[in-house]
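I set out to look up a few features of this structure and to note what I found. The entries below are kept in the order in which I consulted the model.

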Amino acid sequence: MTVIFHTLDTFNTEFSADSVEWCPVEPFRDVVVCGTYQLTKSSENVVTRSNDVSKRLGRVYIFRIADGGKLTMLQRIDVPAVLDMKWLHCRDKENRILLSIVNSIGYLQVYQFEGDRDAETLRLIVEQKISDNDNEMLALSLDWSTGRCVSHTCISDNPHIVVSDSRGWISRFTLHRNDLTRDLSWRAHDFETWITAFDYWQTNSFYSGGDDCKFQVFDSRTGPDPVACIRTHSAGVTSIHSNANAEFSLATGSYDEILRLWDKRNFKRSMSEIDLRGGIWRLKWHPFSRRYLLAACMYGGFKIVDCGNEESPAIVSEYNEHESISYGCDWSYLAKESISVLNIHDSKDEIGALVGTCSFYDHVFKISAIYSQDKNWPL
């Protein structure tokens, strides 16, 4: 199967770009956000231990995809440097659309997306510092517990958020309307906990990956000791994503450049390993297909991996138009029918999806159409 990226639009974020997230909630699936992290002094490391907040600046850009797949900016927010962002996968019980952000001054923030068509904005409704004792700590990643809501429509009642940080800790919060409650917090890794993520099928369970090369499984009902500690990775574990369309399927990525697929019923060994030829910073399962993964591979560009055969995954497309570190990526939640009305006519092949990608030092955000000769792509 031939799968091709075709760039539709490019935006200069000015600050270094590291996070892309498409809104999963109707009727705003044509909205995408991009977050940035700017160091005001030269450094090769995204994470520094400087406690000078003024040296870590950020912005959040909110866009709508317009006719022809072009970007229309709705809002720009100046914020502390953004490390990760995630939308709540469905409306909450107050009927709100929410976006959470973790930043370089150690805060978890929750914003509400509101307003009239083409005049929507994000408004901060609550924030909480991850640690009461460490002013140098960076909040590194987050995940909502509501991943299956995209495919199984629901209203979220007091959703949970897990957050990882540069101390090696993970924390779980619960959102109660406009309040965040920290339920659990403990040290999970010896160094930075680069990633934490929920099991979308069993939300008492969540995962963490750290710079100590450990990939760990936790159950909130049993306390701080991991249910499993996997040491297969030969470098820091940087990405974990539960498959909302396949109950037992989990993907992990690492600085060691290897994508590993797991059957959650057996963590003694992975189902498969494939070299993506670049340190893996983000992995995103397609929201409606159980088989396709989008990967941001740092110095190796962006890749789409077909995991239909989980014992033998295959790279089916590569995207190398970014000129710097490939950090942020995400699939659009727009269905083919919604994409078709955007009047994108650059290929005779079928447009199966839209994706957003961003890269760091060249501060670029791109929107691309994914074409395939397979009429069933990406289903």
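The entries that follow cover a sheet, the cavities and some backbone details.

**Entry 1: the model.** I note at the outset that this is a predicted model.

**Entry 2: the sheet.** I looked up an open sheet of four strands and found the order E19-E20-E21-E22, with antiparallel pairing. Its edge strands are E19 (237–242) and E22 (272–275), each of which pairs on one side only. I read an average twist of 20° from one strand to the next. Strands of a sheet pair through backbone hydrogen bonds, either parallel or antiparallel. For E19 and E20 (residues 249–254), I found antiparallel pairing over five bridges. Within this pair, histidine 241 stands opposite alanine 251 in E20.

**Entry 3: the largest cavity.** How many cavities of 30 Å³ or more does the structure hold? I found five. I sorted the lining into nine nonpolar, eight polar and five charged residues. Strands E2 (17–22), E7 (82–87), E19 and E23 (282–285) each supply at least two residues of this lining.

**Entry 4: the second largest cavity.** I read a volume of about 90 Å³ for the second largest cavity. Of the 13 residues that line this cavity, Lys86, Ile195, Ile240, His241 and Leu283 lie nearest its centre. Two or more lining residues come from each of E11 (139–144), E15 (193–198), E19 and E23. The lining divides into six nonpolar, three polar and four charged residues.

**Entry 5: backbone details.** Most residues other than glycine have a negative phi, and most peptide bonds are trans. I therefore looked up the exceptions to this pattern. Glutamate 26 and proline 27 are joined by a cis peptide bond, with omega about 0°. Proline 27 lies in the loop between E2 and E3 (31–36).

Arginine 177 has a positive phi, near 55°. I located arginine 177 in the loop between E13 (169–176) and E14 (179–187). Is arginine 177 buried or exposed? Its relative accessible area is 52%, and exposed means over 50%, so arginine 177 counts as exposed.

Asparagine 343 also has a positive phi, near 60°, and is found in the loop between helix H1 (336–340) and strand E28 (350–359). Asparagine 343 counts as partly exposed because its relative accessibility is 40%.

How values were computed:
Residues are numbered from 1 along each chain as its sequence is written. This is a predicted model: local features need pLDDT of at least 70, side-chain atom pairs count only at pLDDT 80 or more; totals for chains, interfaces and linings use all residues. Side-chain values use heavy atoms; hydrogens and water are left out. Two strands pair if DSSP finds at least two bridges between them. Axes are lines fitted to C-alpha atoms, for helices over the stretch in contact, and angles run from 0 to 180 degrees between N-to-C directions. On a 1 Å grid over the protein atoms alone, a cavity is a set of points where a 1.4 Å probe fits but cannot get out, and a pocket is an open set with protein on both sides within 12 Å along at least five of seven lines; lining residues have an atom within 4 Å of a point. Grid points are joined across faces, edges and corners, and a volume is the space filled by probe spheres set on the points. Ala, Val, Leu, Ile, Met, Phe, Trp, Tyr, Cys and Pro count as nonpolar, Asp, Glu, Lys and Arg as charged, and the others, Gly among them, as polar. Buried means under 20% relative accessible area, exposed over 50%, partly exposed in between (1.4 Å probe, protein chains only).
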